[in-house]
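The points are numbered, and each takes up one part of the structure.

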2 protein chains.
Amino acid sequence: MEGLRRRLAQVNDLRAAASLLSWEQETMMPPEAARVRGLQLSTLAGLAHELFTDARTGELLAEARPTGQDEEAIVRVARRDHGKATKLPTAFVEEKTRAQNEAHHAWLEARQHSDFQTFAPHLRTMVDLVRREADLLGFDDHPYDALLDAYEPGMRATQVRAVFSDLRDRTLPLVRRITAAGDAADYSVLTRPFPHEAQKAFAWDIAGRAFGLRSDFARQDESAHPFQSNFSRSDLRITTRVQDYWPTCLFGTWHETGHAMYERGVSERWERTPVSRGASLGVHESQSRMFENLLGRSLPFWERYFPALQQAAPEVTAGLDARTLYLAVNRVQPSAIRVEADEVTYNFHTLLRFELELALLEGTLDVADLPEAWNAKMQDYLGVTPPDDAQGVLQDIHWSAGLIGYFPTYTLGNLLSVQLLEAAQRDPAVAEGVAQAEYGPLLAWLTEHVHQYGRSLTPGELTERATGRPLSADPYVAYLHAKYEDIYGLK
Amino acid sequence: MEGLRRRLAQVNDLRAAASLLSWEQETMMPPEAARVRGLQLSTLAGLAHELFTDARTGELLAEARPTGQDEEAIVRVARRDHGKATKLPTAFVEEKTRAQNEAHHAWLEARQHSDFQTFAPHLRTMVDLVRREADLLGFDDHPYDALLDAYEPGMRATQVRAVFSDLRDRTLPLVRRITAAGDAADYSVLTRPFPHEAQKAFAWDIAGRAFGLRSDFARQDESAHPFQSNFSRSDLRITTRVQDYWPTCLFGTWHETGHAMYERGVSERWERTPVSRGASLGVHESQSRMFENLLGRSLPFWERYFPALQQAAPEVTAGLDARTLYLAVNRVQPSAIRVEADEVTYNFHTLLRFELELALLEGTLDVADLPEAWNAKMQDYLGVTPPDDAQGVLQDIHWSAGLIGYFPTYTLGNLLSVQLLEAAQRDPAVAEGVAQAEYGPLLAWLTEHVHQYGRSLTPGELTERATGRPLSADPYVAYLHAKYEDIYGLK
């Protein structure tokens with residue numbers, strides 16, 4: 001095991017270094033450094049891949065005799081990763097990397113001019129590539145399974161389809177009722193003057209006081225697109241974006257705080273091994289959405305932190321109380337743009353993408369017909385038609401990067417967030433804490449039942465162990481109804 | 001050459017990543033991240049060393065058929081580095097690394113309690129190790145040559161001894177005359193109120209306007225000890241330390257600016273090769289000291305930038321003019337501490353260390369007798385006795401890190417700085433620019449005659465080509481006399 005551990009630590013450290021270079025590129029780097037930084041990142045990724053897939057690593061994995069559960073998990077996860085990594089020939093990986101680069105540039109261009117035709121041939125190539133990738137990786141039922149597995153290990157398209165249909169059927173009527181109800185608050189408070197530095201400072205202060213993210217082991221910086229990154233469980237980074245519309249900074253910060261606290265909670269016994277990360281994108285998203293929405297957009301949260309907001313932003317809070325603020329930050333408004341969507345409409349954005357991805361992979365939808373199909377579904381689900389393709393089918397970066405099979409994880413995370421919070425609140429101390437916006441007991445529960453395991457459990461195993469049942473839409477549907485029927489007076 | 005270039009680029013990128021992780025550690029990193037960051041740095045250094053010294057790199061170097069001067073330089077420098085790197089057995093490198101770690105901790109402890117005995121056994125080990133290192137590397141005349149060569153390629157101890165003796169004999173009388181002359185200015189202006197943020201902003205503003213360091217390709221941050229670091233010629237970092245004694249920040253920033261602009265000037269044709277750095281520590285120091293002292297502490301500089309200082313720090317400049325400020329920032333004061341020393345006394349600090357290093361290596365001085373020898377020389381040269389060993393023999397980190405042979409480069413840099421500036425000013429445009437604190441022509445001259453070559457010329461070749469003669473103490477001695485006889489009214 002010693003040789004294997006050393007090898008895995010080297011791969012881990014190379015990847016951590018690459019993450020740090022990427023984080024630095026988005027937050028600190030002088031602009032002219034970009035070209036060489038790209039080459040450096042490519043060297044680190046290449047060396048990490050070579051080291052992880054070379055014959056010696058294969059031998060070390062084959063010869064490994066793990067003792068105890070911890071080492072067994074390390075070997076299991078490493079063998080799984082190694083198996084997948086070695087199934088893709090270098091020539092294929094290089095072809096995909098080139099195609100991604102070209103598709104990314106074409107997408108930027110296409111979005112700028114809202115010209116889908118510029119992007120279409122690249123997307124067609126990308127769909128072909130991921131189909132071939134699915135064949136190389138192998139699957140039982142559906143090629144989508146092979147792709148999804150990279151983001152949500154063990155999850156199948158049929159499961160996603162079933163849960164999503166259930167969710168759609170049971171929340172679409174709620175969307176219609178809310179839309180018909182009209183405004184629940186004065187939403188102009190969301191753009192009242194809140195100086196940018198004060199927004200950042202308030203968001204970070206609360207991230208520490210409410211959620212436990214402290215500068216001893218974490219830092220907050222600005223970037224064009226918010227993200228979480230980390231180089232060890234004691235070296236966490238979140239970034240935020242600051243706009244006059246101040247919810248972007250506050251809720252964005254707490255979203256990334258959820259991701260960071262997950263990584264913080266992974267047990268030190270997985271340090272520098274492939275187990276030392278969150279179990280999947282979906283489980284990760286369950287933590288970020290819990291902090292951002294289930295806690296950060298709750299009434300107890302604002303009852304507790306309204307005085308702090310009054311201090312930080314007196315112009316925002318003038319004439320308001322905690323409940324009026326709570327109503328304002330929970331506005332439901334169907335829109336064409338996924339990243340601006342609220343808790344109620346968000347999942348229709350991912351559902352739409354999931355359905356289109358399936359159709360593209362199955363060959364029942366041609367890339368040329370994609371914009372029309374997109375707009376029809378938007379109209380169908382949310383009653384919205386994007387003003388142009390830039391704000392429609394071209395809005396996301398994912399497909400240009402070959403990330404097909406990724407979108408469902410956002411909604412899987414939403415569903416799991418409520419299912420986990422419900423399970424956690426079976427513990428009275430957690431429930432009482434949540435009711436008072438005292439999250440210490442909840443954090444302890446999450447660390448014990450979710451965070452500590454890292455990748456040693458699959459998302460499915462983790463969900464069943466932590467909540468006592470498989471992932472279901474029930475808790476989320478119930479949560480939305482209870483919360484928004486109250487806010488919009490629909491009871 | 002293609003395979004060799006690729007291999008050298010990988011080694012370069014690994015080292016650049018390690019530099020970035022180190023820079024980040026000193027400027028940004030949350031404190032709890034330190035332990036794992038150390039492991040990550042050690043992985044990167046180890047992988048870079050393995051890749052550079054493995055059999056395949058040896059073959060690529062042996063088979064390389066360079067075409068043209070540029071490729072010849074790459075192969076020459078890479079072969080030189082490879083030869084040195086492969087002369088040290090891994091077991092020796094590991095032994096030295098362990099000894100360095102232990103010596104560093106012992107030094108920190110010893111300095112804190114001003115207790116040389118705690119450090120003495122570690123220093124003895126370190127002297128033994130570098131003696132063995134010199135034997136492994138090989139030398140003709142003196143073991144010191146093998147060590148010096150790591151910092152100042154091609155330089156010999158006999159040359160250093162000759163130049164330093166000359167310098168000592170011709171500047172010691174000047175120190176005595178200045179010390180006898182008394183104050184030349186009101187030095188309390190050096191601690192007048194200058195808010196820390198304003199110090200940093202002013203220093204950075206002038207670094208851009210006067211010396212060309214811009215945020216397009218560089219950034220400035222704070223750290224406990226100032227340094228320059230870079231990850232490509234378009235990715236330069238300087239750090240600064242801010243104190244109430246504001247010259248620390250200003251001149252420290254311009255010192256690091258000199259280092260950064262050297263790296264900026266290295267030709268892009270050496271990108272990601274071992275040639276893409278400054279020629280030596282001495283040549284590097286010639287640039288930093290030129291910007292800090294020859295330009296930054298000159299009268300024309302302050303005549304030009306005094307109005308900017310008035311704007312940035314009205315409390316500092318109240319009742320002063322450019323010349324009174326110039327007199328104040330050129331205070332000569334013998335002191336026990338090297339890093340606080342002025343232009344006139346600085347070189348006695350390095351001379352003393354050089355002489356003691358030679359004696360330790362030759363075995364004519366025992367480690368146990370070092371503090372006494374140190375204090376005797378301090379008294380002899382500067383008329384100062386350190387109040388304790390913490391402010392005497394224990395003040396520098398270098399010996400604990402095994403950096404024996406390093407100190408002379410500070411003075412070699414001082415000497416070269418004046419010799420280069422003198423040569424540059426044979427060009428009337430440069431001379432006129434310097435007289436008006438317009439450094440564009442000087443920077444162009446330095447880029448053409450010094451910076452662009454990177455490591456493709458040795459320091460000796462570079463000095464002869466750029467100035468027309470070997471390194472000499474003459475220009476520096478003449479500079480000190482002219483400047484300080486004026487300041488102290490000694491003519």
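Predicted model: local features only at pLDDT ≥ 70, side-chain atom pairs only at ≥ 80, totals over all residues.

1. Residues are numbered from 1 along each chain as its sequence is written, chains are lettered from A and ligands numbered from 1 in the order in which they are written, and side-chain values use heavy atoms, with hydrogens and water left out.

2. The chain B sheet is open, with 3 strands in the order 1-3-2 and mixed pairing; two strands pair if DSSP finds at least two bridges between them. Its edges are strand 1 (218-222) and strand 2 (228-232) of chain B, each of which pairs on one side only. Neighbouring strands of this sheet are turned by 20° against each other on average, direction ignored.

3. Within that sheet, strand 2 and strand 3 (residues 235-240) of chain B are antiparallel and share 4 bridges. B:Gln228 has B:Ile238 in strand 3 of chain B as its bridge partner. Strand 2 of chain B has 5 of its 5 residues buried, so it is largely enclosed by the rest of the structure; buried means under 20% relative accessible area, exposed over 50%, and partly exposed in between (1.4 Å probe, protein chains only).

4. In chain A, 3 strands form an open sheet in the order 1-3-2, again with mixed pairing. The edge positions belong to strand 1 (218-222) and strand 2 (228-232) of chain A. Strand 1 and strand 3 (residues 235-240) of chain A are parallel, with 5 bridges between them, and A:Gln220 stands opposite A:Ile238 in strand 3 of chain A.

5. Helix 10 (residues 247-265) of chain A lies across strand 1, strand 2 and strand 3 of chain A, at about 165° to strand 3 of chain A. Axes are lines fitted to C-alpha atoms, for helices over the stretch in contact, and angles run from 0 to 180 degrees between N-to-C directions.

6. A:Arg264 belongs to helix 10 of chain A and is buried, with a relative accessible area of 15%. Its side chain makes a polar contact of 3.3 Å with that of B:Glu32 (a pair of N or O atoms within 3.5 Å; within protein, one must be able to donate a hydrogen and the other to accept it, and residues adjacent in sequence count only if both atoms are side-chain atoms). Leaving aside neighbours within four places in sequence, the contacts of A:Arg264 (heavy atoms within 4.5 Å) include A:Phe217, A:Arg233 and A:Leu236.

7. The largest nonpolar core has 138 residues, of which B:Leu213, B:Leu250, B:Trp254, B:Trp302 and B:Leu442 touch the most other members. Such a core is a set of buried Ala, Val, Leu, Ile, Met, Phe, Trp, Tyr and Cys residues joined through side-chain atoms within 4.5 Å. Beyond four places in sequence, B:Leu213 is in contact with residues including B:Trp204, B:Leu236 and B:Ile238.

Terms used: Helix = DSSP H or I, 4+ residues; strand = E, 2+ residues; numbered from the N terminus.
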